[in-house]
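User: I am new to this kind of model and would like to learn how to read it feature by feature. Please give me the general idea each time, and then the case at hand.

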Amino acid sequence: MFHKEGQKIILITFFVVVAAVMAAQYYVVLPWLRIAIQAFFLVLLILILQFFRNPKRTVQRSFDEILAPVDGKVVVIEEVEETEYFKDKRKQVSIFMSPTNVHVTRYPASGEIKYSKYHPGKYLVAWHPKSSTENERTTVVVRTPKFGDILYRQIAGALARRIVNYAKLGNSAQQGEDAGFIKFGSRVDLFLPLDCAITVKLNQTVKGAKTCVAVVMPKDEEREIT
């Protein structure tokens with residue numbers, strides 16, 4: 001199954017590929033060149049289909065867990081100052097998506113959408129330290145029953161040129177459901193409360209709506225911190 005954001009691109013690519021394959025068949029005389037051209041366009045179609053795939057996933061919803069919003073690799077786990085919404089310290093978990101990953105963004109938790117804003121910006125590579133604050137991005141805050149307000153940020157990268165965000169202020173977010181798409185990029189940052197326990201590690205591969213990223217910290221651990 002393919003994501004609705006890719007339907008137009010898939011359709012255009014399909015017709016271009018069919019036309020190119022047919023043209024090569026009838027007008028390219030050299031067999032090796034004809035086969036090379038046809039193979040190139042078929043591979044292009046396969047890559048586009050792979051990029052816009054949208055696998056259905058059964059979600060075990062839990063108010064006690066934050067799930068990964070996207071597929072990819074964990075590239076940042078650190079305590080930072082979040083300056084746009086919270087304006088205080090938060091735990092940041094960043095997930096980088098390669099071109100081969102599923103690029104659907106899914107709600108990491110259930111709750112009410114309290115903030116949703118688009119920011120135009122640059123297209124620095126996704127692992128650049130300033131990409132979270134200078135690149136084109138959207139910021140969404142979900143108010144949850146157990147974690148309070150959590151923030152996730154879709155960030156465009158060097159290849160990404162369009163972020164799609166379905167989160168609307170006041171709407172209900174359901175953990176694991178489709179929250180948007182980043183076309184041809186790149187990274188999603190999570191900003192979580194300091195009193196939660198991060199359950200992933202650096203360089204770990206995660207799956208959207210499947211991998212648990214954080215849990216409510218047990219009471220005995222909270223007392224140790226305080």
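User: Which residue in E13 does Lys73 stand opposite?

Analyst: Strands of a sheet pair through backbone hydrogen bonds, either parallel or antiparallel. In this predicted model, Lys73 stands opposite Thr205 in E13, and strand E2 (residues 72-82) pairs with E13 in the antiparallel sense over 2 bridges. Two strands count as paired if DSSP finds at least two bridges between them, and the strands themselves (E, at least two residues), like the helices (H or I, at least four), are DSSP runs numbered from the N terminus.

User: What should I know about the numbering and the confidence before going on?

Analyst: Residues are numbered from 1 along each chain as its sequence is written. Since the model is predicted, local features need pLDDT of at least 70, side-chain atom pairs count only at pLDDT 80 or more, totals for chains, interfaces and linings use all residues, and side-chain values use heavy atoms, with hydrogens and water left out. The pLDDT is the predictor's confidence in each residue, from 0 to 100; the protein averages 88, and 87% of the residues score at least 70. Over residues 222-226 pLDDT stays under 50, and the model has 3 contacts for them beyond four places in sequence, a contact being heavy atoms within 4.5 Å. Where pLDDT is low, the predicted coordinates should not be read in detail.

User: What is the order of the strands in the open sheet of 8 strands?

Analyst: The order is E9-E5-E6-E7-E11-E3-E2-E13, with antiparallel pairing. Strand E9 (172-173) and strand E13 (205-206) are the edge strands, as each pairs on one side only.

User: How many bridges join E7 to strand E11, and how many does E7 form with E6?

Analyst: Strand E6 (residues 137-144) and E7 pair in the antiparallel sense over 8 bridges, and the two form a hairpin with 3 residues between them; within this pairing, Val141 has Leu151 of E7 as its bridge partner. Towards strand E11 (residues 187-192), which runs antiparallel to E7, there are 5 bridges, and here Arg153 has Asp189 of E11 as its partner. Strand E7 (residues 148-155) is mostly covered, with 7 of its 8 residues buried; buried means under 20% relative accessible area, exposed over 50%, and partly exposed in between (1.4 Å probe, protein chains only).

User: Does Lys91 count as buried or exposed, and what is it in contact with?

Analyst: Lys91 has its place in strand E3 (residues 88-96), and it counts as buried because its relative accessibility is 19%. Leaving aside neighbours within four places in sequence, its contacts include Glu78, Glu79, Leu190, Phe191 and Met217. Lys91 and Leu190 are 99 residues apart along the chain, while their C-alpha atoms are separated by 7.9 Å.

User: Which residues of H1 are buried, and where do they lie around the axis?

Analyst: An α-helix has 3.6 residues a turn, so residues three or four places apart point the same way. In H1, Ile10, Thr13, Val17, Ala20, Val21 and Ala24 are buried. They cover an arc of only 100° around the axis, which puts them on the same side of H1; the arc is that of the directions from the helix axis to the C-beta atoms. The face turned away from that buried side carries the exposed residues Gln7, Lys8, Leu11, Phe15, Tyr26 and Tyr27, and what covers the buried residues includes helix H2 (31-51).
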